[in-house]
Amino acid sequence: MSFALSGVYAIVDGFFVGNSLGDVGIPAVNIAYPIVAFIQAVGTGIGMGGAIYYSINKAEKKEQEARMFTAGANWLMIAFSVILTAAVLCRYKPLLRLLGASGTMLSLAEEYIVVVTLGTILQIFGTGLVPLIRNLGGSFYAMIAMTAGFISNIILDYLFVWVWEQGVAGDCFFL
């Protein structure tokens, strides 16, 4: 359930932006989404890897090693947050052009991806902590955390995009 909700964020974003900016808003969010999905996939991969090694070591009664894998996964998420933020901010224009953005859609996609990228650490930890929390015995809490994030995304998209008319950038404040 928790991983399914992370994929629905783009649908919610597209709904609010599309209704706010019209036909050009939805493609701007969608054209940038592969970059967002990659960032989330990195977080999920690191978290999943750490969670697997945590569980293996925990099952073998190697408590210290299990904790080290959890800590290692967290440090990797921090490191990759910095690396991906820098990489995307340096190369987002060519990436968006490669994905097919041009004209007004390119400028809106740039606005969207810059704000999303500034929150890379939130994206990576938002998806990366779910497998770690689940393997620490908190599958219910992992689902609740993702559900709370999803509901917050809807409320904040409504406020930033519709009420305060922040456009595509307003859509990104709580991805």
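Biologist: Where is threonine 117 found, and what makes that stretch a helix?

Modeller: Threonine 117 sits in helix α4. Helices are DSSP runs of H or I with at least four residues (strands are E runs of at least two), numbered from the N terminus; α4 has 16 residues. This is a predicted model, in which local features need pLDDT of at least 70, side-chain atom pairs count only at pLDDT 80 or more, and totals for chains, interfaces and linings use all residues. Residues are numbered from 1 along each chain as its sequence is written, and side-chain values use heavy atoms, leaving out hydrogens and water.

Biologist: Why is threonine 117 called buried?

Modeller: Buried means under 20% relative accessible area, exposed over 50%, and partly exposed in between (1.4 Å probe, protein chains only). Threonine 117 has 0%, so it is buried. Among the other buried residues of α4 are Met105, Leu108 and Ile113.

Biologist: Which residues does threonine 117 touch?

Modeller: Leaving out residues up to four places away in sequence, threonine 117 touches Leu84, Thr85, Val88 and Leu89. Contact means heavy atoms within 4.5 Å.

Biologist: What makes a nonpolar core, and how many residues has the largest?

Modeller: A nonpolar core is a set of buried Ala, Val, Leu, Ile, Met, Phe, Trp, Tyr and Cys residues joined through side-chain atoms within 4.5 Å. The largest has 28 residues, and Leu96 and Ile113 have the most contacts inside it. α2 gives the largest share, 10 residues.

Biologist: Which residues is isoleucine 113 in contact with?

Modeller: Beyond its neighbours within four places in sequence, isoleucine 113 contacts Ala32, Ile35, Val36, Val88, Tyr92 and Leu96.

Terms used
The expected span of a helix is 1.5 Å times one less than its number of residues.
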